[in-house]
Amino acid sequence: MDDAAVPRGFRSITKNMGLKDIGDDFAVVVSEVPARSAAVFTQSRFAGPSVVLSREAAAARRGRGMVVLSRNANVATGRAGAEHAAEVRGRVAEIIGIAPEELLIASTGVIGRRYPMDSIRTGLDALRWPFPDADFRRAAGAIMTTDTRAKHCSVPCGEAVITGIAKGVGMIEPNMATLLTFFFTDADVPADQLDAVFRRVMDRTFNALSIDTDTSTSDTAAIFANGLAGAVDLDAFEEALYRCALSLVRDIASDGEGASKLIEVHVTGARDDAQAKRVGKSVVNSPLVKTAVHGADPNWGRVAMAVGKLHDETDIDPERLSIRFGDLPMYPQEPDDALLAKTSAYLRGSEVVIQVDLGIADGAFTVYGCDLTDGYVRINADYTT
């Protein structure tokens, strides 16, 4: 990782548009030159107008950048909400001098509230092109809602650089990508290959993430490649993008609302990777597993429960299954008091790995999440007030 390196040819602006009491709540990052893009979006039936607009634009794979408003999802706001999203994107595109369809728009925050358009219009009136050279750290901060820290990373790939930013700590159980995450690169990658690589990486990273089992209405993930650094080896590009995305996923999981620990669940020995993913998600999403990890309780029975409740997975046989916390064996052998004490000490760490081997075949998958604390309840009990 090299957060000092950034892709060439991108510009950005951040401002406070009246959605947050303090700090930037508006960000634009855009390529100076035409670019290729790929994107995936929420599968929620309550997708907001920003997702609808962006999904339509993404089909052409020529997006140059994004505009994000945070602390307001602009979801379930009727025709006015759709018109406001189109107006914001159109105004920003006009300022830059590009077609609106070359920008994706995303919103995140409270559902059911319209944008404060008077203050947003005033803020847009003050924007002038060209924007400054891209400040990805500041853009990452501007898209946050309940995050406790900005999430960004940069990974080199030959002469090119991939920079990613993301936000999200709650309402995270992706069915496509996740929350909001954007990647920017000066690598020259053909549109079809960019799309294929991006989707594969999203499946292995953001689609492997869960904080609380709840899918957002606003999930958007996209990559923009302007080609200014020239062609790159595609295998190396996919690996670099994976490293960047995984870094963001781990950062999001460890910063989950109220979280104190990152949880990784490694599932091996499955019928196929898809089964391994289902098992991993069942474990990482279990409130009982999450609370046991939070309390450093070596209660491996909760992991067994989370696997066993997958009643459609009829080839899972308890006699072939094994469970470990870190490298410490919990099942099928019965742990003694000394091992349980050692396991409890391990669970008090900031990162906890749970290993489940199904003993069926060679399918494998790793999922990411966090523990469940009273902090999560408090944040979400008071979210809109």
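In which loop is asparagine 207 found? Select this residue in the predicted model, and you will see that asparagine 207 sits in the loop between helix H5 (191–204) and strand E9 (220–231). Because buried means under 20% relative accessible area, asparagine 207, with a relative accessible area of 6%, counts as buried. Now show the side chain of aspartate 203 as well, and look for the polar contact of 2.9 Å that joins the side chains of asparagine 207 and aspartate 203.

Next, select strand E6, residues 151–157, which is mostly covered, since six of its seven residues are buried.

Is the residue buried or exposed? Lysine 167 is buried, because its relative accessible area is 6%. If you display its surroundings, leaving aside residues up to four places away in sequence, you will find that lysine 167 touches Thr108, Ile143, Met144, Thr145, Asp147, Leu179 and Leu180. With threonine 108, the side chain of lysine 167 makes a side-chain polar contact of 3.0 Å.

Finally, select the positions that UniProt, in an unreviewed entry, gives the feature "binding site": Thr145, Lys167, Thr178, Glu257, Asn380 and Thr385.

Technical notes: Residues are numbered from 1 along each chain as its sequence is written. This is a predicted model: local features need pLDDT of at least 70, side-chain atom pairs count only at pLDDT 80 or more; totals for chains, interfaces and linings use all residues. Side-chain values use heavy atoms; hydrogens and water are left out. Buried means under 20% relative accessible area, exposed over 50%, partly exposed in between (1.4 Å probe, protein chains only). Helices (H or I, at least four residues) and strands (E, at least two) are DSSP runs, numbered from the N terminus. UniProt positions are given in the numbering used here, feature names are shortened, and annotations may be inferred rather than shown by experiment. Contact means heavy atoms within 4.5 Å. A polar contact is a pair of N or O atoms within 3.5 Å; within protein, one must be able to donate a hydrogen and the other to accept it, and residues adjacent in sequence count only if both atoms are side-chain atoms.
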